Amino acid sequence: MSVVKSIELVIPKDVYVAGSDVDGELVLSLHSTLVDPLVKVELIGRGYLEWVEEANVQKDYSQPATCVNKADYVHKTKTFKIERNWLGPGVHTFDFHFVLPPRIPSTFTSRVGRISYFLQGVCATRELILRKQKKYLLVQGTSVFSQDIVESEYPLVVEVEKVLFYNCCFKSAPITLRLSLGQSIYAPGNDIAFTTEITNRTGKSIKKVVFALHSVVLYKAFNLRAERRTLEEREEMMRLESHIRKGESCEVTKIHSTLSLPKVMPVSSTHKSDDIMDVGYELTEIVYFPWCMSTVVAKIPIVVRNAIADP
């Protein structure tokens with residue numbers, strides 16, 4: 001039977017913000033006396049990417065090539081001083097305190113990569129690890145986004161016009177979408193309030209309007225030749241559908257809607273960085289028609305920012 005009965009990490013919060021304190025307890029329960037113990041807690045944050053791409057696709061032969069990248073965001077250790085260099089049977093509690101770095105990305109998982117943070121409690125002797133426990137943390141990253149950049153590069157209103165053909169293509173008329181946001185910058189957990197105005201001059205009805213929030217992630221890695229590779233992936237985070245009553249036709253349709261952001265999410269990348277990924281967000285509106293295979297699409301970028309915490 002092992003000397004260590006159990007080891008447990010106790011932390012008070014569910015979500016931690018970059019730059020904030022991580023306080024907790026390591027609770028160690030022993031069956032019998034442990035001489036010359038090593039008791040410690042580690043705070044570790046890592047990022048890792050991996051995907052497979054086809055090499056030499058323009059030639060007669062090709063072979064899959066693995067692209068990988070990794071990053072270390074934090075690695076801190078608290079080793080506890082043991083009085084008299086032994087611990088008796090029973091329960092022992094050790095307090096620990098860490099400070100997360102202020103500029104680290106959010107917890108993230110996809111099919112291509114992950115960014116994770118965890119605490120690891122260890123009880124060992126000089127020769128052997130007796131027991132350890134790992135506890136993952138949800139970390140919300142921070143950013144500083146210039147208001148000037150937002151005003152110059154991120155519009156609050158977009159307008160799209162498309163001519164559609166109907167009545168066996170003998171007639172045509174434009175459809176205009178006007179999609180507008182209530183504000184320019186959002187924080188994780190905020191509601192995105194937006195309005196769409198559809199001007200329909202065809203005299204025909206609209207089937208439905210779909211709103212979707214997408215993340216657009218540019219992954220950056222290296223192949224076995226140390227050549228830099230990128231992979232862009234667009235993933236739908238959430239959607240909202242608005243169905244129009246059958247047979248209803250009006251020239252101007254207005255829809256007010258709201259989507260709620262997750263409480264923990266990667267923030268928008270402010271510029272092309274040396275990190276393993278760049279993140280952006282986009283709100284998309286798609287209008288469908290029961291009498292036409294075509295759709296009309298409007299897209300507007302969304303800025304997600306989380307103010308940096310005091311170190």
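**Salt bridges.** I began with a count, and it came to 11 salt bridges, a salt bridge being a side-chain nitrogen of Lys or Arg within 4 Å of a carboxyl oxygen of Asp or Glu. I noted that this is a predicted model, in which local features need pLDDT of at least 70 and side-chain atom pairs count only at pLDDT 80 or more, while totals for chains, interfaces and linings use all residues. Residues are numbered from 1 along each chain as its sequence is written, and side-chain values use heavy atoms, with hydrogens and water left out.

I then looked up Arg-229, which forms a salt bridge with Glu-53, the closest N and O atoms being 2.8 Å apart. Because Arg-229 lies in strand 17 (residues 228–243) and Glu-53 in strand 5 (residues 38–55), this pair ties together parts that are 176 residues apart in sequence; strands here are DSSP runs (E, at least two residues), numbered from the N terminus. Arg-229 also meets Glu-227 in a salt bridge, at 3.2 Å from N to O.

My next entry is Glu-233, whose salt bridge with Arg-111 has its closest N and O atoms 2.5 Å apart. This pair links distant parts of the chain, 122 residues apart, with Glu-233 in strand 17 and Arg-111 in the loop between strand 9 and strand 10 (113–124). Glu-233 is buried, with a relative accessible area of 18%, whereas Arg-111 counts as exposed at 66% (buried means under 20% relative accessible area, exposed over 50% and partly exposed in between, with a 1.4 Å probe and protein chains only).

**Aromatic rings.** Searching the whole structure, I found five aromatic pairs, where rings of Phe, Tyr and Trp (its six-membered ring) pair if their centres lie within 6.5 Å, and planes under 30 degrees apart count as stacked, over 60 as edge-to-face and the rest as tilted. Phe-80 and Phe-94 form a tilted pair, 5.0 Å centre to centre with 35 degrees between the planes, and both residues are buried.

**Ser-106.** What lies 2.7 Å from a polar atom of its side chain? I found the backbone nitrogen of Gly-141 there, and the backbone oxygen of Met-265 lies 2.8 Å from a polar atom of the Ser-106 side chain.

Methods:
A polar contact is a pair of N or O atoms within 3.5 Å; within protein, one must be able to donate a hydrogen and the other to accept it, and residues adjacent in sequence count only if both atoms are side-chain atoms. Helices (H or I, at least four residues) and strands (E, at least two) are DSSP runs, numbered from the N terminus.
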